[in-house]
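Hi,

Here is the structure I promised to pass on. Have a look at it first, and then read on for my notes.

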Amino acid sequence: MALELAIATVMVLLTVAMHASGLLVMARGITHHDQRTGRVRMNAVSVEAALLTVLIILGLFVLHGLQIWVYALLFHGLGAVETLRDAIYFSTISYGAIGYGDAEIAEKWKLLGAIEGINGVILLGWSVAFFVTVMARIVPAPHHRRARGGGG
């Protein structure tokens with residue numbers, strides 16, 4: 001169990017570092033855009049806002065995909081899951097805390113799979129917080145809608 005917890009700790013540290021780096025790259029891209037255009041807010045119905053939304057969603061999807069693959073490669077490399085396809089499937093349902101129960105992992109590594117689930121939920125939550133923060137710059141604040149006579 002000590003080895004399993006040590007590996008889980010390294011994986012959590014690695015995926016948190018990956019996630020922080022990915023979000024930092026996206027945030028710097030947004031900051032660069034703000035500096036180039038001289039503004040922070042975007043019209044909610046503009047191509048620019050739609051493009052930013054799509055880019056952030058794709059960036060988050062790639063980031064989570066990479067983290068799932070890192071776990072899958074570990075599971076497969078440890079022999080915890082027989083095939084790479086099954087390792088990717090197991091990792092995906094663990095990371096997203098779906099846990100269908102139809103995927104098998106070696107008894108010796110079950111705790112590592114459970115920790116991936118906790119790790120994934122936290123990283124997914126972090127992504128949601130980041131996405132909401134980015135979207136706040138696109139969607140007009142409620143007081144702006146009322147100021148234009150849009151009601152409530």
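How far apart are the end C-alpha atoms of α2, and what span should its 32 residues have at 1.5 Å a residue? This is a predicted model, and in it the end C-alpha atoms of α2 are 46 Å apart. The 32 residues should span 46 Å at 1.5 Å a residue, so the two values agree.

Helix α2 covers residues 47–78. Its buried residues are Ala49, Leu52, Ile56, Leu60, Leu63, His64, Gln67, Ile68, Tyr71, Ala72, Leu74 and Phe75. An α-helix has 3.6 residues a turn, so residues three or four places apart point the same way. After α2 comes glycine 79, with a positive phi near 80°.

Next is α3, residues 84–95. Its twelve residues should span 16 Å at 1.5 Å a residue, and its end C-alpha atoms are 16 Å apart, so here too the values agree. Ala87, Phe90, Ser91, Ile93, Ser94 and Tyr95 are buried in α3, and what covers the buried residues of this helix includes α2 and α4.

Alanine 97 follows α3 and is found in the loop between α3 and α4. Its phi is positive, near 55°, in a residue other than glycine. Is alanine 97 buried or partly exposed? Its relative accessibility is 49%, which means that it counts as partly exposed, since the exposed class begins over 50%.

The buried residues of α4 include three glycines, Gly113, Gly117 and Gly120. Also among them are Glu116, Asn119, Leu123, Phe130 and Met135. The buried residues of α4 pack against α1, α2 and α3.

Met1, Leu5 and Leu111 make a nonpolar patch of about 290 Å². Leucine 5 is in helix α1, residues 2–37, and is partly exposed, with a relative accessible area of 34%.

I hope this helps you find your way around. Do write back with any questions.

Best wishes

How values were computed: Residues numbered from 1 in each chain as written. Predicted model: local features only at pLDDT ≥ 70, side-chain atom pairs only at ≥ 80, totals over all residues. Heavy atoms only, no water. Helix = DSSP H or I, 4+ residues; strand = E, 2+ residues; numbered from the N terminus. Buried < 20%, exposed > 50% of the residue type's maximum accessible area, 1.4 Å probe, protein only. Expected span 1.5 Å × (residues − 1). Contact = heavy atoms within 4.5 Å. Patch = residues over 30% accessible without salt bridge, like charges linked within 9 Å, V, L, I, M, F, W, Y side chains within 5 Å. Areas by Shrake-Rupley, 256 points an atom, 1.4 Å probe, with all protein chains shown as cover. Salt bridge = Lys/Arg side-chain N within 4 Å of Asp/Glu carboxyl O.
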